[in-house]
Amino acid sequence: MREVTIGIGGAAGDGLDKSGDTLAKTASRLGLYIYAYNSYQSVIRGGHIWLRVRLGEEKVHSHGDHLNLLIALNQDSIERHAPEVLPGGACIYNSDKLKLDPTLLRDDVLTVPLPVAALTKPFGKVLPVMQNTVALGAMIFLVSLDFDAAASVFEDTFKHKGQAIVDQNVHIARAGYEYAQENFVPLGYEWDFTRVRRPFITGNEAMAIGAVTAGCKFYSAYPMTPASSILHWMASHADRCGVVVKQCEDELAVINMAIGAGHAGARAMCGTSGGGFALMTEAIGQAGMIEAPVVIVEVQRGGPSTGVPTKTEQADLNQVFGASQGDYPRAIIAPTDTTDCFYTTVEAFNLAEKYQLPVIIVSDLLVSEHPETIEADALRNDVPIERGEIVTSWPESNGEYKRYAFTKSGISPRALPGTAGTVYVAASDDHDEGGILISDVFTSPPVRRKVQEKRMRKLDALLLDLKPPVLEGEADADVTLIGWGSTSGVIREAIRNLAEEGIRANQLQIKYLYPFHVKEVSEILRNCKKTVCVEANYTGQFARHLRAETGITVDDHILKYDCEPFEPHHIVQQVKDILAGRARSTDLTQDEAREMAYHYIRTRLGETLRPGRINNAEGDGFDERVWNVEIVSRDGGEKRGELIIGVETGSTYLWLPTD
């Protein structure tokens, strides 16, 4: 498959998002598939932002693990990412402001210095961010994309600002394109452009679209990364889609408003991340008690506490399972990709109303925020709508209306507030069939037993509505990779890469976390040769859940908890180590030592230094081996000191300046 991965590095405020969007839309209009991932920080200006955009003629399922072309918008990005560019690739930068030390590059990497000031001079005084546009033009030439497609993207992006702004962007991009054309040769990509246009959206956008398609009429949220973009989409489309959107003062109000709307008959949803979900948990139990339908989206990020707000993790599973006190019926679903976010949300609304319970969608920053192309017909508007047993009238001849009637299915007749003859109490205290409390003078152990059995009985039928997971790949593979949620795509690509090395692997991806398909999953895993659970947390939370539900302990784990998503090579290498019986180390690698040195420099030494040579040595007096990181000046490369970092602990033991 022909593909290319382009990285754009800079600081917050450098316009990376717009540049990446222009690149992605250009490629999409040419019929290429795109998968992008932006590693960003919770700052408005500064820091280090690293955006990767992967283009391919066939569907790509992750941002990959290679870099073919770098667009460096600042010096930091040159130093951090130029060494990653593979042979045959290129590094584009503004030569008026930045310098590229050739020793940073691998062999056969093309350097593309752009005289941005000279190229933009014919267009008068321009903003510094226009260096991005020059670089985009050069990149389009080097990877053999179609400039006219990019011009059409500029037209659509800036037409609201007037034709002069559109023309300026097109002309400046063309200047970069023509400069590259005159001074460099293309990198050799030969594309088969189908020009089939595909939507380029994120998982959060897909969930928002899925919600309105399913008939959502109420959405509440408090802005919290990485769930905020659901609120942004809902707010900007509220009038057109007929959705009441409430930005609340806190997550306590968020969940109670959503439950109230669901109780009143509106299809209601709310969204948050782990910290906000912690505040919602008691109210979610209330929704289970009063049997109110509501959908809650929990988008995981690095934790605990405030944690790492703009990074990804899969470490909220225990919290979601433990939401609220006591036993109560609910569904917990983890969408696996962008398209699945849409259909999962539709399904969540149907399950919530059909079974009169809260449904929790567990996403994470990766699946929620990364944009990718999906097929043009992937999202449909003719989705099924199931509202369950709603009573529209209750004549006296029916006798007493029992909102919580003890039925064999566990599903009781639901009347919306205002329905004649259906007055009842919906309380957070437990109750009998008619809603009379059993928590005070009318306490009754048999009633409590039966009402609890009635509520929990709904899960039996609910499970039958959920599609069981299936094993993907050869049944007699050497190893079975088990994942949940967002790891689906990267596991799929890792399996393909393993096959190229002669290792046969298959995949079991779990979407429905609760209730759990115990029988089906157990039957699959009992026939697997070796099982490995892949998840982005420290403790293997899903593997524990799997053992609790099935009694099956996986043979090994592949865990990642640095708050960056898996790349295929992370899985491939660890699978090879597991099959070979090799011990896996958590020691700091040389690349990680370099990154830690950058952190130390930026937080303590300023902007004029960078890491130089790195060597591994005995750590006299430190009780472990150490990395000796030479710290050099950015301008001339002169040694300014040495940083000593522990290989095992990662401790920055000493900074030894030369003067």
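Two strands pair if DSSP finds at least two bridges between them. Helices (H or I, at least four residues) and strands (E, at least two) are DSSP runs, numbered from the N terminus. This is a predicted model, in which local features need pLDDT of at least 70, side-chain atom pairs count only at pLDDT 80 or more, and totals for chains, interfaces and linings use all residues. Residues are numbered from 1 along each chain as its sequence is written, and side-chain values use heavy atoms, with hydrogens and water left out.

Start with strand E19, residues 505-510. Strand E17 (residues 471-472) pairs with E19 in the antiparallel sense, over 2 bridges. There, Glu-472 has Gln-507 of E19 as its bridge partner. Strand E18 (residues 479-484) pairs with E19 in the parallel sense, over 6 bridges. Trp-484 is the bridge partner of Ile-510 in E19. Buried means under 20% relative accessible area, exposed over 50%, and partly exposed in between (1.4 Å probe, protein chains only). In E19, 6 of the 6 residues are buried, so the strand is largely enclosed by the rest of the structure. Ala-505, Gln-507 and Gln-509 point one way, while Asn-506, Leu-508 and Ile-510 point the other way.

Next comes strand E1, residues 3-12. Here 10 of its 10 residues are buried. E1 runs antiparallel to strand E3 (residues 46-56), joined by 9 bridges. Gly-10 stands opposite Ile-49 in E3. E1 also pairs with strand E4 (residues 67-72), in the parallel sense and over 4 bridges. Ile-8 stands opposite Ile-71 in E4.

Now the helices. The expected span of a helix is 1.5 Å times one less than its number of residues. Helix H9 (residues 251-264) has 14 residues and should span 20 Å; its end C-alpha atoms are 20 Å apart, which agrees. Its buried residues include Val-254, Ile-255, Ala-258 and Ile-259. An α-helix has 3.6 residues a turn, so residues three or four places apart point the same way. Among the elements that cover the buried residues of H9 are strand E8 (216-221), strand E10 (267-272) and helix H10 (274-290); contact here means heavy atoms within 4.5 Å. Asp-250 caps the N-terminal end of H9, with a side-chain oxygen 3.1 Å from the backbone nitrogen of Leu-252. Gly-265 follows H9 and has a positive phi, near 115°.

Helix H19 (residues 590-605) has 16 residues. From its first C-alpha to its last it reaches 21 Å, close to the 22 Å expected. Its buried residues include Ala-597, Tyr-598 and Ile-601. Strand E23 (609-617) and strand E24 (626-633) are among the elements that cover the buried residues of H19. Gly-606 follows H19, again with a positive phi, near 95°.

Aromatic rings come next. Rings of Phe, Tyr and Trp (its six-membered ring) pair if their centres lie within 6.5 Å; planes under 30 degrees apart count as stacked, over 60 as edge-to-face and the rest as tilted. The count comes to 13 aromatic pairs. Tyr-538 and Tyr-561 have ring centres 4.8 Å apart and planes at 75°, so this pair is edge-to-face. The pair links distant parts of the chain, 23 residues apart. Tyr-538 is exposed, at 58% relative accessible area. Tyr-561 is partly exposed, at 40%. Elsewhere, Trp-394, Tyr-401, Tyr-404 and Tyr-424 form one aromatic cluster.

A charge sits over a ring if NZ of Lys or CZ of Arg is within 6 Å of the ring centre and within 35 degrees of the ring normal. The charged end of Arg-330 sits over the ring of Tyr-328, 4.6 Å from its centre. The charged end of Arg-330 also sits over the ring of Tyr-514, 4.9 Å from its centre.

The backbone holds some exceptions. Most residues other than glycine have a negative phi, and most peptide bonds are trans. Tyr-514 is joined to Pro-515 by a cis peptide bond, with omega about -5°. The bond from Gly-303 to Pro-304 is also cis, with omega near 5°. Pro-304 lies in the loop between E11 and helix H11 (317-321). Ser-305 lies in that loop too. Its phi is positive, near 55°, and Ser-305 is exposed, at 71% relative accessible area. Ser-144 has a positive phi near 65° and is partly exposed, at 25%.

Definitions and conventions. Polar contact = N/O pair within 3.5 Å; in protein donor to acceptor, adjacent residues only side chain to side chain.
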